[in-house]
Amino acid sequence: MAKLLVTGANGQLGRAVIRHLLETVQVPAADIVAASRDTSKLADLAALGIEARKADFTDEAGLEAAFTGVERVLIISTDELAVPGARLQQHSNAVNAAKKAGVSHVLYTSMPNPDKSLVSFAPDHLGTEEAIKASGLSYTILRNAWYHDNYLMSMPHNLEGGKWFTATGEGKVANISRDDCARAAAAALANPPAGNQTLTLTGSQSLNADQIAAIVSKAAGKPLDVVQVNGEQLAAGMAAAGLPDFVVRMLASADANVAAGNFDLVTGDFKALTGRDPQSLQAFFEESRAALVG
Ligand SMILES: NC(=O)c1ccc[n+]([C@@H]2O[C@H](COP(=O)([O-])OP(=O)(O)OC[C@H]3O[C@@H](n4cnc5c(N)ncnc54)[C@H](OP(=O)(O)O)[C@@H]3O)[C@@H](O)[C@H]2O)c1
């Protein structure tokens with residue numbers, strides 16, 4: 001059987017991809033390679049018979065060794081956002097290493113519409129997609145929509161005050177759960193669609209802030225009013241709350257991107273890969289109620 005490698009295997013998405021490879025797609029553990037910066041954190045996966053390899057995107061030579069003998073590699077984008085340009089360099093190292101190691105197919109976790117996105121880190125994703133295409137490697141690009149899960153970072157606080165300050169205006173976004181992104185990535189890694197494909201993984205509903213707030217409020221059993229502000233006001237509020245500059249830039253740019261309509265797309269790509277409908281935002285919040293009101 002072909003060996004399938006997942007980078008970032010100790011991250012939340014990476015761990016979920018491996019779980020879906022094992023449980024949903026039923027790939028034998030012996031055919032899975034889990035790659036991470038720190039293999040000591042993969043002991044639980046190694047105990048299942050999964051091979052653990054060290055893979056740090058800042059070390060291209062080490063990556064080439066890690067990817068050797070592997071048929072397909074899922075490159076999970078990193079969380080290096082603080083230093084401009086660093087993440088694209090990391091991803092380029094991974095693409096180069098896959099090429100040098102003779103990997104036959106790469107998959108990459110990108111974002112929707114990176115070419116016109118206003119999100120501060122969109123150039124990393126666009127640049128990585130371009131590097132993959134320029135490499136000549138066979139590929140599947142998985143443009144993951146904004147996770148449902150992201151709301152668990154802000155909504156518990158918003159619910160405490162009963163207000164959600166947002167600069168998304170009337171813009172809509174078709175969120176998807178992290179777990180569904182992992183499910184789709186596992187399916188594509190095990191059975192890549194034919195040819196070079198760029199797929200966008202979204203939920204089945206595109207919702208504006210009022211619709212999202214109503215769903216959150218119902219799941220939490222607490223009121224939540226939407227307060228529309230402009231981008232400058234939103235950024236000033238986040239800076240005053242002590243968020244680091246690059247986080248303020250990222251979150252404000254994400255709202256601007258929603259307002260501009262660049263996250264307002266619903267595709268059937270998740271269903272085509274997995275044969276099922278994505279989890280709705282409502283079902284996600286019902287399942288995560290404890291985290292929402294915690
Ligand atoms: N669509 C969305 O809404 C959304 C939200 C959050 C994040 N993301 C993106 O999707 C990725 C996965 O999401 P997540 O929820 O799993 O995030 P996470 O739990 O924060 O994981 C961060 C990931 O980055 C990897 N990483 C960091 N530095 C690395 C390096 N030098 N070399 C190789 N890997 C490195 C980590 O791998 P190891 O620790 O195993 O080395 C880990 O897999 C994130 O890194 C980010 O690019 C998307």
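Q: Are Arg 143 and Glu 129 buried or exposed?
A: Both Arg 143 and Glu 129 are buried, where buried means under 20% relative accessible area, exposed over 50%, and partly exposed in between (1.4 Å probe, protein chains only). Keep in mind that this is a predicted model, in which local features need pLDDT of at least 70, side-chain atom pairs count only at pLDDT 80 or more, and totals for chains, interfaces and linings use all residues. Residues are numbered from 1 along each chain as its sequence is written, and side-chain values use heavy atoms, with hydrogens and water left out.

Q: And what does Arg 143 form with Glu 129?
A: The two form a salt bridge, with their closest N and O atoms 2.7 Å apart; the term requires a side-chain nitrogen of Lys or Arg within 4 Å of a carboxyl oxygen of Asp or Glu. The pair links distant parts of the chain, as Arg 143 is in strand S6 and Glu 129 in helix H5, 14 residues apart. Helices (H or I, at least four residues) and strands (E, at least two) are DSSP runs, numbered from the N terminus.

Q: How many salt bridges are there in the whole structure?
A: A search of the whole structure finds eleven. Among them is one between Arg 19 and Asp 179, whose closest N and O atoms are 2.8 Å apart. Arg 19 lies in helix H1 and Asp 179 in helix H7, so this pair ties together parts that are 160 residues apart in sequence. Arg 19 is partly exposed at 34% relative accessibility, and Asp 179 is partly exposed at 26%.

Q: Switching topic, what order do the strands of the sheet take?
A: Seven strands form an open sheet in the order S3-S2-S1-S4-S5-S6-S8, with parallel pairing, where two strands pair if DSSP finds at least two bridges between them.

Q: Which strands stand at the edges?
A: Strand S3 (51-54) and strand S8 (197-201) do, each with a single partner strand, so one side of each is left without a neighbour in the sheet.

Q: Back to helices: what covers the buried residues of H4?
A: The cover includes helix H3 (60-67), strand S4 (72-75), strand S5 (105-110) and helix H5 (122-135), with contact meaning heavy atoms within 4.5 Å. The buried residues of H4 include Arg 87, Gln 90, His 91 and Val 95. Just after H4, Gly 102 takes a positive phi of about 80 degrees.
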